[in-house]
Amino acid sequence: MNLDFHTNVFEKEKIVLGDTVEYIVRGGRHLFPLLPKAFDGIKQIGVIGWSSQGPAQAQNLRDSLEGTDIKVKVGLREDSSSIPSAEAAGFTRTNGTLGEMYQVISESDLTLLLISDAAQALNYKRIFEAIRPGTTLGLSHGFLVGYLKSIGESFPESINVIGVCPKGMGPSVRRLYEQGKEINGAGINSSFAIHQDVNGKATDYALGWSVALGSPFTFMTTLESEYKSDIFGERAILLGAVHGIVESLYHWFVQHGYSKEEAFTNSVESITGPISQLISKKGLMAVYEALNEQDKDTFRKAYSAAYHPAYEVMWEIYYEVASGNELRSVIEANKRFKKYPMGKIDGTEMWQIGEKVRAKRDPNKIPLHPVTAGVYIAAMMAQVDILKENGHPYSEIANETIIEAVDSLNPYMDFKGVAYMVDNCSTTARLGSRKWAPRFDYMLRQQTFTTLDKGTQVDEELFDDFVHSDIHQVLSVCAELRPSVDISIRG
């Protein structure tokens, strides 16, 4: 994959990640005056959809472009239930910033298609008919690229097709942008991709879009690589795996004599608290190094017992995504929603216990449990290795596996529980978590914890691979590029 690009507006920066060279663009509010130049020829940006990403991106773009002659207009269905919410955010028909979606598409110079993946697949022909030749279609997810490929279709040749993909759910994108009004550099990192460039301006359009969203840094990928890593990651460590891991850990702790409150604290609270915080600030090895010698031995045993079961499930997930099977399953699931809407997942015992634990939480007394840490980091490393083996760039691997987890998703899980975290993500992500979390739960109970309970020795070769993995150097570079503040989710 060629990870170099040319921009006429922004300064690019070379970074070395593992054995590869990549280029990034640093964001910041000091770059907002460059946005009119980056969006040369664009008078209207249409934001289509108002679910997870729509509200955040529409408001961030509007705020960043304030004082310019570039309009941000939201496009929704005539009968959309989201119209009152959009109006409450200041997008109204009266001020000309809200309209019917296909009308907005037809009149916009840059159309950001942020409706659900299934809706994109269902309506792509009409969308392509509405978009004018010479304009630009923007995607924040490569799902449509994968779907069109799977059915032998393609985008109109007369338009630019670009991607800017924030590495966090919509509420994170907006919340950190708002924090950035006080502290420059707060934001969610994004990847960008150029799928079609018909006028030579696609790269600057994409980088301008990312800067306007408040991304602290923007790295390059392709939309095909993005959808594979993103959909895979949602089903793996970002949502599906972490849900399955904490479910299995909770029951393992209860079986070993812990109270239900202690089991929740040592599983969920340990991951979303000290483990995530250490990884975010100091990297994966910092978790291991924070343990005493006895706990380090326990960590190594847990890591050894969990890596291969996690890898096995993730290998299957990656194949299902790459083959198109997972994309088709999302579309079929959406067809069933009228009869069987997606339900909540926080009604089980563990999440009810979690509400009580969070209500009386003392952040200074949450344990860093070595079994929990070993299992969680083993799953992270399995995902890292699968993405590397399939040719994904290290910037994408680090963001889709580790940074998005500890800096965007896990803080919401820490604050309100897994259901809140999952149900504020896209429909595709929510479906993936529900489908694959039970697989991780069962696989870990069946293989990891039975192995751990037998006292099986450490797989020294496997652990040595972890210690010497390139991902540690990659994370050390990425740590210098992380948002300047932690996300605030209580404001």
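Mentor: Start with the pair Phe299 and Phe463: both residues are buried (under 20% relative accessible area, with exposed over 50% and partly exposed in between, 1.4 Å probe, protein chains only). A word on the basis: this is a predicted model, where local features need pLDDT of at least 70, side-chain atom pairs count only at pLDDT 80 or more, and totals for chains, interfaces and linings use all residues. Residues are numbered from 1 along each chain as its sequence is written, and side-chain values use heavy atoms, with hydrogens and water left out.

Now the rings. Rings of Phe, Tyr and Trp (its six-membered ring) pair if their centres lie within 6.5 Å; planes under 30 degrees apart count as stacked, over 60 as edge-to-face and the rest as tilted. That rule gives 22 aromatic pairs. Phe299 and Phe463 are edge-to-face, because their ring centres are 6.2 Å apart and their planes stand at 80 degrees. Phe299 sits in helix 13 (residues 293-322) and Phe463 in helix 20 (residues 460-467), so the pair ties together parts 164 residues apart in sequence. Helices here are DSSP runs (H or I, at least four residues), numbered from the N terminus.

The pair belongs to a cluster. One aromatic cluster takes in Tyr288, Phe299, Tyr303, Tyr307, Tyr311, Trp315, Phe463 and Phe466.

Lys296 lies over the face of Tyr288, at 5.4 Å from the ring centre. The criterion is NZ of Lys or CZ of Arg within 6 Å of the ring centre and within 35 degrees of the ring normal. Arg29 also lies over a ring face, that of Tyr177, at 4.4 Å from the ring centre.

Definitions and conventions:
Helix = DSSP H or I, 4+ residues; strand = E, 2+ residues; numbered from the N terminus.
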